[in-house]
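In this notebook I record what I looked up, entry by entry. I begin with the loops and then turn to helix packing and the nonpolar cores.

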Amino acid sequence: MALEVILITGMSGSGKSVALRALEDAGYYCVDNLPPELLVPFIELEQQIKAERVAIAMDVRSATSLPMVPLQLRELSARGVKIRPLFLDATTDTLVRRFSETRRRHPLSSNRPVTGGELAHDQQHALVDAIELERELLSDLREHAHVIDTSVIRSSQLQAHVKSLLAAPLSQLTLVFESFAFKRGIPVDADYVFDVRMLPNPHYEPALRELTGRDEPVVEFLKRHPDVDVMYSHIESFLNHWLEPLARDHRSYVTVAIGCTGGQHRSVYLVERLCAEFASQWVTLKRHRELDAV
């Protein structure tokens with residue numbers, strides 16, 4: 001059996017340790033902060049001992065050697081190693097808040113650790129600069145990985161997202177549908193974003209307000225409105241046209257985010273319907289960011 005390697009990279013403070021623990025629970029041999037120079041020798045050693053599943057985390061502390069990683073991954077793939085790159089991301093505001101709350105120092109910051117509940121203005125400015133520099137240094141790795149936005153999800157949600165990826169075949173494009181609430185921000189992991197806030201809103205129907213887009217009364221309400229079908233048809237047509245070219249371009253994952261005001265009714269309904277439609281053609285995953293947080 002070919003060795004399967006999950007490579008976790010991403011922004012400092014985005015949850016790489018949480019993802020690594022989820023993979024360890026799933027039976028992967030996990031290594032944290034492996035220097036890129038050791039990636040190929042380590043994989044060769046694991047192949048010699050007939051290992052089957054390995055998870056490796058790398059971060060910006062290896063900044064000077066990170067540029068070699070994409071080429072290494074291509075070489076390992078050519079040797080038959082199954083590589084699954086995973087990139088964890090979050091908004092800058094979220095990362096600033098996390099560093100403030102934990103009083104940790106960013107790996108690219110030369111400042112002393114934060115000692116107060118709030119970052120001083122100059123410290124916050126330096127932290128934002130460090131985060132943006134990190135984004136630049138990691139941009140190539142992000143481009144070739146499946147991205148998970150951890151900005152507004154809990155650790156348990158991240159663990160569930162990571163474990164759901166393990167069931168997706170590596171050799172095919174995986175289509176991820178995600179519902180979300182615009183009031184909590186657009187997911188930074190989205191490849192395509194569709195705004196469906198102009199559609200009739202079940203929230204204003206007292207009998208439907210506490211239900212979700214997965215409940216039959218809400219489904220029936222939305223089916224009665226022609227604009228909902230028009231929106232569904234437009235999204236379906238767009239994806240049917242472009243997914244094949246994306247697959248030919250060796251894309252492993254495509255995330256389609258559909259947003260409404262609260263992420264409870266309209267976006268959830270469309271994600272459920274689209275996922276059911278495309279499951280016969282592509283490997284599909286679905287996420288309901290706001291519902292899963294409850």
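Entry 1, a loop residue. I located N33 in the loop between β2 (29-31) and α2; helices (H or I, at least four residues) and strands (E, at least two) are DSSP runs, numbered from the N terminus. I noted that this is a predicted model, in which local features need pLDDT of at least 70 and side-chain atom pairs count only at pLDDT 80 or more, while totals for chains, interfaces and linings use all residues. Residues are numbered from 1 along each chain as its sequence is written, and side-chain values use heavy atoms, with hydrogens and water left out.

I then looked up the backbone. Most residues other than glycine have a negative phi. N33, which is not a glycine, has a positive phi of about 55°. Is N33 buried or exposed, or does it fall in between? N33 counts as partly exposed because its relative accessibility is 27%; buried means under 20% relative accessible area, exposed over 50%, and partly exposed in between (1.4 Å probe, protein chains only).

I found K50 in the loop between α2 and β3. K50 is also not glycine, and its phi is positive, near 65°. With 70% relative accessibility, K50 counts as exposed.

Two packed helices are described by the angle between their axes and the distance between the axes. I read that the axes of α1 (residues 16-25) and α6 (residues 155-166) come within 9 Å and cross at roughly 50°. The axes are lines fitted to C-alpha atoms, for helices over the stretch in contact, and angles run from 0 to 180 degrees between N-to-C directions. The two helices are therefore oblique to each other, since angles under 35 degrees count as roughly parallel, over 145 as roughly antiparallel, 65 to 115 as roughly perpendicular and the rest as oblique.

I listed the residues in contact (heavy atoms within 4.5 Å). α1 contributes V18, A19, A22, L23 and D25, and α6 contributes S155, L158, Q159, V162, K163 and L166.

A nonpolar core is a set of buried Ala, Val, Leu, Ile, Met, Phe, Trp, Tyr and Cys residues joined through side-chain atoms within 4.5 Å. The largest has 30 residues, and L39, I43 and I56 have the most contacts inside it. α5 gives the most to this core, with 4 residues. Beyond its neighbours within four places in sequence, I43 touches L3, V5, I56, L76 and V81 by contact.
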